[in-house]
Structures are given as structure tokens and as C-alpha cells.
Amino acid sequence: MDWPDSTKRMQEAWIGRSEGAELLFALENSALGDLKVFTTRPDTVFGVTFMVIAPEHPLVDALTTPAQREAVAAYRKQAAAKSDLERTDLAKGEKTGVWTGSFAINPANGQKIPVWIADYVIMGYGTGAIMAVPAHDERDYAFAQKFNIPVIQVIEPDHAEGRNGHGTTKLPYTGDGRLVHSNGYSGLPWEEAKKKITADLAARGRGQATINYKLRDWLFSRQRYWGEPFPIVWENGQHRSIPESELPLLPPTLEDFKPTGTPEPPLSKATDWVQYSATAKRELNTMPQWAGSCWYYLRYCDARNSERFVGEAAEKYWMGGGKPGGVDLYVGGTEHAVLHLLYARFWHKVLFDLGYVSTPEPFQRLVNQGLILGEDGQKMSKSRGNVVNPDDVVREYGADALRLYEMFMGPLEQVKPWSMKGVEGVYRFLARVWRLVMEVDDEGVWSLSKALQDVPANKQLTKALHETIKKCGEDIEKLSFNTAISQMMVCTNAFTGAEVKPAGAIVTFLKVLSPFAPHLAEELNAQIRAKFPNLAAKRFLSDETWPAYDPAALIEDEVEVVFQVNGKLRDKARVPVAATKEEIEKIALASARVQEFMEGKPAKKVIVVPGKLVNVVV
RNA sequence: GCCGAUGUGGUGAAAUGGUAAACACAGCGGACUUAAAAUCCGCUGGGAGGCAACUCCCUUGCCGGUUCGAGUCCGGCCAUCGGCACCA
């Protein structure tokens with residue numbers, strides 16, 4: 001896939017695949033059964049000195065001894081009051097927790113170890129319980145330090161980096177190495193020990209290798225009117241889908257679709273609609289916006305198909321093409337890197353596995369356009385009052401100027417601040433283009449300019465035009481719209497300076513301009529067509545093919561070559577393009593300024609880059 | 001902390017390892033105008049010297065390296081922004 005690495009990495013991090021093992025620790029009170037933990041480091045199981053379970057773990061009550069009941073209750077209350085942010089970010093390093101009063105048995109060596117409750121373990125990941133190895137985990141180490149829990153080193157680094165001055169291991173040590181203090185496993189490299197310990201515990205029914213994912217659910221319902229209603233009804237406390245013949249299910253027409261002010265979603269106001277039958281009621285939640293954003297690109301291929309989400313032929317035509325991704329180019333903000341762009345891939349993958357689409361991935365090439373900031377350089381937001389409304393810009397400067405400015409601001413991927421002055425700048429550029437073709441009389445009436453004539457462009461204008469065709473064509477492919485526009489400005493400035501405006505060349509220029517400023521370009525083409533029907537596009541510029549440039553028109557007879565002495569610019573001269581390296585070198589060495597800076601010393605080396613420069617090293 | 005991106009004029013920015021600052025904005029000067037706006041033309045990185053045309057030196061976050069030549073490549077640092085941390 002041709003996606004930015006940063007987006008791929010964000011998705012990888014979001015999915016958070018991690019290989020490890022689930023291990024069973026028998027509880028000392030055998031009536032309670034086992035405590036299951038997830039760990040990526042089964043090789044450190046001999047270094048476990050305590051267990052931690054999340055405050056929400058279902059075994060908390062059973063594990064809490066009468067003596068600890070009060071402390072545990074207080075801690076759970078305190079943990080529940082914290083937001084996720086407080087639990088993870090703000091509390092970083094500062095560990096809290098409380099002992100349950102109970103013990104578990106290490107399946108590797110039969111040791112009795114205390115079970116704690118701490119909110120650095122979250123219920124939503126893994127099993128909500130961990131085996132804590134303070135010698136080889138920073139969080140466990142911080143916790144052990146705070147509560148004076150023993151630290152047992154079981155990994156010895158192979159390299160010096162893990163050790164401090166006296167040759168002892170710096171703890172916590174989370175790198176690679178060999179096992180120590182681990183009974184029969186001592187001496188094994190850690191990777192090998194991971195597999196062996198997991199396999200041995202599995203053989204005794206005390207664990208198994210597993211893969212865990214950090215990926216979380218994304219809520220698929222909203223309490224609002226605008227959104228696809230679910231084709232689900234409820235009857236006797238059970239839900240079931242409505243028959244296929246009733247699809248598609250459309251939202252009921254409502255005059256008042258505002259929130260109810262109660263926990264009931266707005267659809268509850270459609271009382272007739274809600275009562276599906278004497279005994280069944282419809283689901284009142286609606287789907288979120290991402291229900292549509294996950295597959296709209298498929299529907300766009302065949303939007304009027306009433307039989308299928310997308311017709312097979314249309315899907316193959318638009319989405320096929322031999323590459324793994326269907327959509328050729330998808331431009332969107334980084335803010336969609338993990339949610340929209342990840343879930344759209346999931347949906348597409350399901351459809352692919354079911355054989356309904358022809359590519360495994362939805363989007364072949366992804367470009368993240370940069371966020372546009374407010375004029376103050378801050379993120380646009382209502383509270384900051386720096387929001388720019390595009391409707392206002394369109395009203396004042398026109399849609400072409402808005403479009404053009406957005407492209408002219410800078411590189412597509414870059415974050416950049418809005419500037420009204422910048423909009424005026426491109427607006428002025430468009431006005432200059434307008435005046436290449438049109439002129440105004442004393443009454444303020446615009447008509448076709450008399451300077452516009454059916455004559456061939458002179459050499460200089462031809463060169464400017466063909467350079468523009470070439471550069472804009474290349475820049476569009478690279479999505480470098482800002483530099484394409486600056487080249488069009490250069491070209492326009494060249495035409496502005498000419499006494500007579502060659503109409504044919506201007507029409508060609510308008511073809512280049514039209515993807516950027518379609519309204520203006522089409523209007524000017526229509527104006528020109530009225531007088532020069534053979535020069536202008538017959539219908540629309542947008543029907544025309546992209547103009548070809550003539551490489552011969554770009555070549556000049558002479559080029560400027562700069563002369564350097566020891567890498568510093570000292571002189572320049574115009575030399576014929578056809579000049580050989582030897583000829584250019586001769587001209588350079590003959591230059592009075594070059595000789596002056598050579599200070600009579602012989603040239604040690606002369607580098608000649610034809611058409612560019614000569615560097616004399618003395 | 002970890003991962004990633006970005007550092008160039010007063011501002012947005014440009015530059016296949018080859019004239020740093022194209023194109024625009026802002027500013028300054030001029031033309032047109034009774035005047036203003038609009039438009040057109042010119043100047044506009046910093047410093048020094050010269051009446052002047054001009055000349056020299058410095059300049060792409062900082063330090064070092066590679067190279068005839070570095071904004072660009074390599075190494076190290078610093079700063080800012082984004083993600084890890086559930087709006088779609």
C-alpha cells in the first residue's frame with residue numbers, strides 16, 4: 001500500500017498485537033480456583049514477587065480478607081472516581097494500590113505470592129490481572145519500591161549496557177539476556193526460555209501461548225435522529241431483524257427531531273413508527289456517521305443500484321486494476337488515521353473475504369493533507385473564535401479563489417495557517433488573468449480586449465507557456481499544487497507584459513488553469529469563442545485533453561553559467577547551450593574576476609557542469 | 001517516556017548535491033487620479049565600504065562530518081507540533 005509510514009505505524013500501534021502467554025496462578029484459597037494473567041514475558045516467571053488485579057476485577061471481593069475489606073473498598077472507590085487520563089497519564093510513575101490479604105501460588109516454583117489491587121492494571125486489556133516481575137518491568141518496579149516488595153532478578157544481560165559500574169545489573173532491566181535463578185531454565189537465552197516455559201506450563205495445564213490486541217470496540221450506536229435506523233425490533237425482551245423485504249429501512253419523517261431531554265433517543269417521538277406490531281417495538285438508536293464512511297466509496301461506484309450495494313461490473317470497473325487497493329488516491333486528514341481508515345479496511349476485508357469486492361484493501365494511495373489553522377496559528381475552534389467559514393470566503397472572493405488559495409498556501413501535507421491576505425493575493429492573480437482577455441471601458445462595461453489577437457506567440461511567450469504546461473502537468477502528478485500555481489503566475493506576468501495577447505496561446509493557458517479555477521477559465525474561454533471560434537474550446541475546457549508541451553520551445557540558445565572559485569560565486573556569463581565542457585572551462589578561466597580570485601595560483605581542479613556552473617579549485 | 005513529522009526573510013513559502021529566498025503577502029517608492037481605491041512599474045535577508053553604478057563579508061535551529069561544492073547526504077544535540085491518550 002502506498003500509505004504514509006506514520007499512518008501505518010499508528011494503525012499498528014492501535015491494533016497493538018502482542019504475543020505472550022496466559023498463565024494460571026492457583027489461588028491459596030483453592031475454593032476460588034485460578035487467577036489467569038496475560039504476560040509477554042513468561043521467561044521471567046521465576047521473578048514474580050506479587051500479583052496485581054484491576055480494581056474492577058471480578059475476583060476482588062472473593063480475594064479480599066476481612067482485615068483488608070475496608071482498605072480495599074476505599075481504594076476501589078478512589079480508583080472509580082479517577083478518569084482514564086488520571087489513571088494513565090497524570091499518575092505516571094506514582095503508583096497506588098492495596099493488598100487484598102490473599103495469596104496465589106507461582107505455577108513455576110510453587111512460591112506463595114501476595115495478590116494486590118492497583119489501578120495501573122486495567123480491566124479492559126488482557127485478563128485484568130498480571131504477574132508482577134519488578135526486576136524486569138518498570139511499572140512493577142516502581143510499585144515494588146513504593147510498597148517494599150522484594151525484587152528478584154532472573155535475567156542477566158549479555159552486554160555491558162545493562163550493567164552499572166560494579167558489573168551488577170541496573171534494575172529494572174527490560175532488555176534481552178539469559179535466565180538466572182530460574183531452576184532448570186537458568187542459562188537459557190530469554191527467547192528460548194519464553195517458548196520452553198510456556199510449553200512446559202501448557203503441558204501441565206497451567207497456561208498457553210496467546211496473542212493479545214489493544215484494539216478496542218468503537219460504539220456503533222448514537223442517540224440522534226440523523227443516522228441510519230437499525231433494522232431491528234424488540235419483542236418480549238428479545239431482538240430480531242426485520243425481514244429483508246422491508247429493507248432499506250428509512251428514518252421516519254419527523255417535524256421535531258431534537259433530543260428528548262430524557263434518555264430516550266429522538267426516534268421515540270415517532271410513536272406510530274416505533275410500534276412495529278402489537279407486540280414489537282423498533283430499536284430507537286441510530287447508526288453513527290462511520291456506518292456510512294466505512295463503505296461510501298463503494299456506493300459511489302454505483303449509487304443508483306437498488307438491487308445491490310454495488311453492482312459487480314461497476315465494482316470491477318472502478319475498484320479493480322490489479323493493485324491491492326481499490327481507490328487510486330484518497331486524500332484525508334491524519335485525524336482519521338486510526339478510526340475511519342482502520343475500520344473502513346476491516347469492512348472492506350470482510351466484503352473481500354465474502355467475495356463481494358475484488359481487492360483486499362479499500363485505498364491504494366493515501367495522502368494526509370495538513371490541517372488548516374486559524375489566522376492566529378491555532379487550531380480553528382468556535383471557542384477561540386478563529387473559525388473561517390468557507391461560505392463567507394466564496395461569497396466575497398468566489399469559489400475559484402477559495403480553491404486556488406487552499407492549493408497555493410503550501411505543501412498539501414503540511415499544517416498551515418489561514419490568511420485572508422493570501423486569499424486576496426490569489427484573487428488578484430485571477431483578476432490579472434481576467435484582464436489578459438477582457439478590458440473595461442469608461443462606463444465600467446467589460447468586453448473582449450482589443451489586445452487579444454489571432455497571432456502566434458513570440459518566442460519568449462511560447463517558452464513561458466510551454467514551461468507552464470510542463471511544470472503544471474508534473475506538479476499535478478506530485479500533488480505540488482502550490483508550485484504549479486506559482487508557475488501559472490509567472491506565465492500570467494509574462495503575458496501581462498506583452499503588448500499583443502496571442503489568443504491561441506491564452507486558450508492553451510486556460511486549459512492548464514481550468515482544473516484549478518474552472519469557473520473563471522470556462523467563462524474566459526466562452527468569451528474568446530465568441531470572437532475566435534476556431535481558437536477556443538468548442539464546448540468546455542474540461543472536455544479538452546491536457547495540452548502537450550513542445551520540448552523544442554523550452555530550449556534557449558544561450559544559458560547563464562556561474563563561475564566559482566573554491567566553491568564561491570565570483571562571476572557569471574551567458575554561453576551557447578551547445579558549448580562543450582572544454583569551451584566553457586576556457587571562458588571561465590579567461591574571466592577577469594575568476595583570475596583575480598585565483599590570485600595567480602594554478603588551478604588544481606576544474607569542475608564543469610554544462611549549463612550550470614564551473615568551479616575552479618586552487 | 002516511546003513513536004513520528006517539522007525547523008529557510010517581517011509572513012506563507014521555493015530550491016534533480018550546483019547562483020539560497022522563485023511565486024505570493026506585508027512594507028517602501030513611483031506612475032495614473034482633484035483625491036482615494038483599484039491598476040501598472042520599481043525596490044525589499046543581515047552587515048560593512050562607496051556620491052554612485054558597484055564591491056566584499058555573513059546567512060537555511062545548534063555542533064561536527066562527507067564533498068570541488070551541503071538548505072539538501074551522514075552523526076550528535078536543541079526546539080516545536082502530532083500520535084500513543086475513543087468527535088466523526
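When I say that two residues meet, or are in contact, I mean that they have heavy atoms within 4.5 Å. Hello everyone, and keep that in mind as we go. This is a predicted model, and I'd like to walk you through a few places in it.

Let's begin with helix α17, residues 503-513. How many of its residues are buried? Nine of the 11 are, so α17 is largely enclosed by the rest of the structure. If you want to find them on your screen, the buried ones are Ala-503, Ala-505, Ile-506, Val-507, Thr-508, Phe-509, Leu-510, Val-512 and Leu-513. And what covers them? The cover includes the helices α14 (420-437), α15 (459-477), α16 and α18 (518-531), along with the strands β19 (452-453) and β20 (501-502).

Two packed helices are described by the angle between their axes and the distance between the axes. So let's do that for each pair.

First up is α16, which spans residues 481-496. Its axis and that of α17 come within 12 Å and cross at roughly 160 degrees. Angles over 145 degrees count as roughly antiparallel, and α16 and α17 are therefore roughly antiparallel to each other. Their crossing is left-handed. Which residues meet here? From α16 we have Met-488, Cys-491, Thr-492 and Phe-495, and facing them from α17 are Ala-505, Ile-506, Phe-509, Val-512 and Leu-513. Sorted by class, that contact has eight nonpolar residues, one polar and no charged ones.

The contact is made by Leu-465, Thr-468, Ile-469 and Cys-472 on the α15 side, with Ala-505, Thr-508, Phe-509 and Val-512 on the α17 side. In this contact of α15 with α17, six residues are nonpolar, two are polar and none is charged.

Gln-364 sits in β14, residues 361-369. Is Gln-364 buried or exposed? Its relative accessibility is 12%, so Gln-364 counts as buried. Leaving aside neighbours within four places in sequence, Gln-364 touches Met-1, Asp-2 and Trp-3, and also Lys-323, Pro-324, Gly-325, Gly-326, Val-327 and Asp-328.

Next, a few stops in the loops. Asp-376 is in the loop between β15 (372-373) and α12 (390-397). With a relative accessibility of 44%, Asp-376 counts as partly exposed. Its side chain reaches the backbone nitrogen of Gln-378 at 3.0 Å. For a sense of scale, Asp-376 and Phe-220 are 156 residues apart along the chain, and their C-alpha atoms are separated by 37 Å.

Then there are two asparagines with a positive phi. For Asn-183, phi is about 50 degrees, although this residue is not a glycine. You'll find Asn-183 in the loop between β8 (178-179) and α6 (190-203). Asn-183 is exposed, with a relative accessible area of 56%. Beyond its neighbours within four places in sequence, Asn-183 is in contact with Phe-46 and Asn-109. Ala-108 is 75 residues from Asn-183 in sequence, yet their C-alpha atoms are 9.2 Å apart in space.

The other asparagine is Asn-566, whose phi is near 55 degrees. Where is it? Asn-566 is in the loop between β21 (558-565) and β22 (568-576). Asn-566 is partly exposed, at a relative accessible area of 42%.

A cis peptide bond joins Leu-247 and Pro-248, with omega at about -5 degrees. Pro-248 lies in the loop between β11 (238-241) and α7 (271-274).

Technical notes:
Residues numbered from 1 in each chain as written. Chains lettered and ligands numbered in written order. Predicted model: local features only at pLDDT ≥ 70, side-chain atom pairs only at ≥ 80, totals over all residues. Heavy atoms only, no water. Axes fitted to C-alpha atoms, helices over the stretch in contact; angles between N-to-C directions. Helix = DSSP H or I, 4+ residues; strand = E, 2+ residues; numbered from the N terminus. Parallel < 35°, antiparallel > 145°, perpendicular 65-115°, else oblique. Left-handed = near helix turned anticlockwise from the far one by under 90°. Nonpolar A, V, L, I, M, F, W, Y, C, P; charged D, E, K, R; others polar. Buried < 20%, exposed > 50% of the residue type's maximum accessible area, 1.4 Å probe, protein only. Polar contact = N/O pair within 3.5 Å; in protein donor to acceptor, adjacent residues only side chain to side chain.
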